[in-house]
Amino acid sequence: MIPAISHLKNLDYSVVQQCMHCGMCLPTCPTYDATKLERNSPRGRIALMRAIADDKLEPTRTFADEMYFCLGCLACMTACPAGVNYAELFEHARAEAERVGVLDNPKRSLIRAFTLRWLFMDLSRLQLLGRVMRLYQQLGIQEFIRRSGLFHLLPKRLRELEAMTPQIQPKFSADLIAPVTGAKGMRKFRVAMLTGCAQDLIFSDVNRDTVEVLVRNGCEVITPVDQQCCGSLHAHNGEWALAQELARKNIDQFPPDQFDAIITNAAGCGSHLKHYAHLLHDDPRYAKRATLWDEKVKDIHEWLAKIGIETPRGNGAALLKVTYHEACHLCHGQKITSQPREILRAVGNIELTELPESTWCCGSAGIYNIIQPEMANDLLKRKVKHIQSTGAQIVATGNPGCMLQVLNGCRNAGMDVRIAHPVTLLAEAYRGEH
């Protein structure tokens, strides 16, 4: 039975009708740039959403397919002179598609039930899967099967997905970070550290580096062992109620009135985490706390720039040529652009070369590279070409999805390039003092 409440018809109509059809978003939209089709543009998609809100169109499979063809990169929000809140529209449009079930089929429903409704609702389950994958990799089974050619028996798409399998870290965040880490010197701030879900499995070393940098800059860091997913994966894929449930759990675990800041180092998570007030605006128990939560959530680059970065003492290390790829949900979603560069320049032994089209999506976009591989690969090749043009030794970027996507793209292109989070480079500079 289809739930009666429509996500688009019940949305504040001022949000739906704000688009003035000027078209300034068109040249910034990667899908429109690729196809030149109006329906593949933000303006075209908003027209479809408005037609549904106005009862002129029913949400069909064509509508749902279009909403999932959108990257959700939010470049249109940076370009829009009218301030259209496309992020809100995008999430409600996908929720509408899921509400009416026009994309449902047994395979898709099983995958969504396993991942969104089970695996990412309790991160102990995700960590268990991570431990199995880690054993599979450490015992050499993955490498053996790859060398044996057995994967060639799989369908092409499964072979592509297997090649994208990330390397699981030897230790997760709880093994690297104490629940309470005291500030170095005088304590100036008390902050909470969000370790993430995929971030915890694949880039737990970045979480460790983040805590080290915070401690060096006068922060006492609270890092609970058992954390929750932020809910961005759910909100971006139409599971509105599950996203709300996770928001409540996070607010309960990290009471915002107890911290000077709640730190995230993943751009996609941070963009979502800063909108809990909208997610829970009609919840009388959580609405007020969610508003305070939004005020306290800070991306690591944003927070360090705000409190002032202690510059590492020079150690005579060789100059590194670095370029910076701007994660969409950092530059467009959170409007954080100068702060990561500020951190990179603070490192000292870095020559920062600007990346052409640095704000253009790399094609990762959450799970976009899994559900829309052709478009994602085209965007990745475009990104890698620009990286090659810089001659950089290191590509810095502040989002785990981007790090994996760019890593795979550079590896496939035969490039010997390191992919690193800016905070990792700063942490290494601090360690290099000794």
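**Close-up 1. R108 over the face of Y68.** In this predicted model, R108 lies over the face of Y68, 5.5 Å from the ring centre. A charge counts as over a ring if NZ of Lys or CZ of Arg is within 6 Å of the ring centre and within 35 degrees of the ring normal. R289 gives another case: its charged end sits over the ring of Y286, 4.5 Å from the centre. Some housekeeping: residue numbers start from 1 along each chain as its sequence is written.

**Close-up 2. Aromatic pairs.** There are five aromatic pairs in the structure. F114 and W118 make a stacked one, at 5.6 Å centre to centre with 25° between the planes. F254 and F259 make a tilted one, at 6.5 Å and 55°. The rule: rings of Phe, Tyr and Trp (its six-membered ring) pair if their centres lie within 6.5 Å, and planes under 30 degrees apart are stacked, over 60 edge-to-face, the rest tilted. F254 and F259 are both buried, whereas F114 counts as partly exposed because its relative accessibility is 41%. W118 is partly exposed too, at 39%. Buried here means under 20% relative accessible area, exposed over 50%, and partly exposed in between (1.4 Å probe, protein chains only).

Close-up 3. N250 belongs to helix α15 (residues 240-253). Why does N250 count as buried? Because its relative accessibility is 2%. Leaving aside residues up to four places away in sequence, N250 touches Q228, C229, C230, Y276 and W293; contact means heavy atoms within 4.5 Å.

**Close-up 4. A four-stranded open sheet.** The strands run in the order β7-β6-β8-β9, with parallel pairing. At the edges are β7 (350-353) and β9 (418-420), each pairing on one side only. From one strand to the next, the twist averages 30°. Strand β8 (residues 394-396) pairs with β9 over three bridges, and A396 has A420 as its bridge partner in β9. Strands pair if DSSP finds at least two bridges between them; helices (H or I, at least four residues) and strands (E, at least two) are DSSP runs, numbered from the N terminus.

**Close-up 5. Helices α24 and α25.** Helix α24 (residues 400-412) lies across β8 and β9, at about 175° to β9. Axes are lines fitted to C-alpha atoms, for helices over the stretch in contact, with angles from 0 to 180 degrees between N-to-C directions. Helix α25 (residues 422-432) is mostly covered, with eight of its 11 residues buried, including P422, L426 and Y430.

Key:
Predicted model: local features only at pLDDT ≥ 70, side-chain atom pairs only at ≥ 80, totals over all residues. Heavy atoms only, no water.
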